[in-house]
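This report goes through one protein model, from its overall layout to single residues. Please keep the sequence and the 3D view open while reading.

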Amino acid sequence: MATESHLGVGGGRRTALVGLLLVTVAVVLLGLGFRSLGVWVAAGAAPPVRADVIVALGGDDGHRVSKVAEVFRAAYAGTVLITGLEGSPERERAYYLNWRVKVLADAGVAADRILIESAASNSFQEARATLALMQGRGWGKALVVSDPPHMRRLDWVWGKVFAGSGKSYVLVASEPAWWDAERWWASERAAQFVLTELIKMG
């Protein structure tokens, strides 16, 4: 009976947490207005500037690494760091990293300019790994490339990790064809991203 009671309490807590998340999303929807959510989640992105390293975050379907190659060719930084696929098995992650290295190589990025971070499995770990690399190499600034709807959450995560470090970052948005901040609801993929980001931030 004690076990059943414990499970009941745990289930109640999970239900309460889900309810809280849904309330948070509803409050954001009402407070910001449905139409402006795309602009809100994408806030924080900026044009690239001169930096020491360009970071291609995990979870990429090709848009991020393509933007990284573009920024590298424009000589904003001389080194690229690619991170692994979030939450994936080691074998799958290795394959994922390898095809992104190939995309960069095909775009003219020399192999000795590419660094790989395969251990990070979420946004906080990616930020921490990048900061550790920057501290170890004496670098001051990173360009962090991800998809537009991730920008606000990433700014919160990276800001928290980099606070007080003396290092800085600039978020640079990729340019996927499916993203339109003004009409995010018109694309099923964009809508999924926006709603997922609201839940994660909640």
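## Overall layout

Helices (H or I, at least four residues) and strands (E, at least two) are DSSP runs, numbered from the N terminus. By that rule the protein chain has seven helices and five strands. Starting at the N terminus, the order of elements is α-α-β-α-β-α-β-α-β-α-β-α.

The model is predicted: local features need pLDDT of at least 70 and side-chain atom pairs count only at pLDDT 80 or more, while totals for chains, interfaces and linings use all residues. Residues are numbered from 1 along each chain as its sequence is written, and side-chain values use heavy atoms, with hydrogens and water left out.

## Burial and contacts

A residue is called buried under 20% relative accessible area, exposed over 50%, and partly exposed in between (1.4 Å probe, protein chains only). The protein chain has 202 residues, and 41% of them count as buried.

Contact means heavy atoms within 4.5 Å. Taking contacts between residues at least 6 apart in sequence, 77% join residues at least 24 apart.

## Helices α5 and α6

Two packed helices are described by the angle between their axes and the distance between the axes. Axes here are lines fitted to C-alpha atoms, for helices over the stretch in contact, and angles run from 0 to 180 degrees between N-to-C directions. Helix α5 (residues 123-137) packs against helix α6 (residues 151-162) at about 45°, and their axes are 9 Å apart. Angles under 35 degrees count as roughly parallel, over 145 as roughly antiparallel, 65 to 115 as roughly perpendicular and the rest as oblique. The helices α5 and α6 are therefore oblique to each other.

Which residues of α5 and α6 meet? From α5 come Ser-123, Phe-124, Glu-126, Ala-127, Arg-128, Thr-130, Leu-131 and Met-134, and from α6 come Arg-153, Leu-154, Trp-156, Val-157, Trp-158, Lys-160, Val-161 and Phe-162. Sorted by class, this contact of α5 with α6 has ten nonpolar, two polar and four charged residues. In this sorting, Ala, Val, Leu, Ile, Met, Phe, Trp, Tyr, Cys and Pro count as nonpolar, Asp, Glu, Lys and Arg as charged, and the others, Gly among them, as polar.

## Nonpolar cores

A nonpolar core is a set of buried Ala, Val, Leu, Ile, Met, Phe, Trp, Tyr and Cys residues joined through side-chain atoms within 4.5 Å. The largest one has 20 residues, and Trp-158 and Phe-162 have the most contacts inside it. At least two residues of this core come from each of β1 (53-56), α5, β4 (141-146), α6 and β5 (168-173). The most come from α6, which gives six residues.

Leaving aside neighbours within four places in sequence, Phe-162 is in contact with Ala-127, Thr-130, Leu-131, Met-134, Lys-167, Ser-168 and Tyr-169. Another core, of 19 residues, lies apart from the largest one, and Ile-82, Ile-114, Leu-143 and Val-172 are among its members.

In helix α3 (residues 63-73), the buried residues include Arg-64, Val-65, Lys-67, Val-68, Ala-69, Val-71 and Phe-72. The loop between α3 and β2 holds Ala-75. Most residues other than glycine have a negative phi. Ala-75 is not a glycine, yet its phi is positive, about 65°. At 48% relative accessibility, Ala-75 counts as partly exposed.

Thr-79 is also found in the loop between α3 and β2 (80-83). Is Thr-79 buried or exposed? Its relative accessible area is 11%, so Thr-79 is buried. Beyond neighbours within four places in sequence, Thr-79 is in contact with residues including Phe-72, Arg-113 and Trp-139.

Arg-35 is in the loop between α1 (2-32) and α2 (37-42), and counts as exposed because its relative accessibility is 58%. Arg-35 and Trp-184 are 149 residues apart along the chain, but their C-alpha atoms are separated by 7.9 Å.

Arg-152 lies in helix α6 and is partly exposed, at 28% relative accessibility. Leaving aside neighbours within four places in sequence, Arg-152 is in contact with Trp-40, Val-41, Ala-43 and Met-201.

Glu-117 is in strand β3 (residues 114-117) and is buried, with a relative accessible area of 18%. The C-alpha atoms of Glu-117 and Ile-82 are separated by 6.1 Å, with the two residues 35 apart along the chain.
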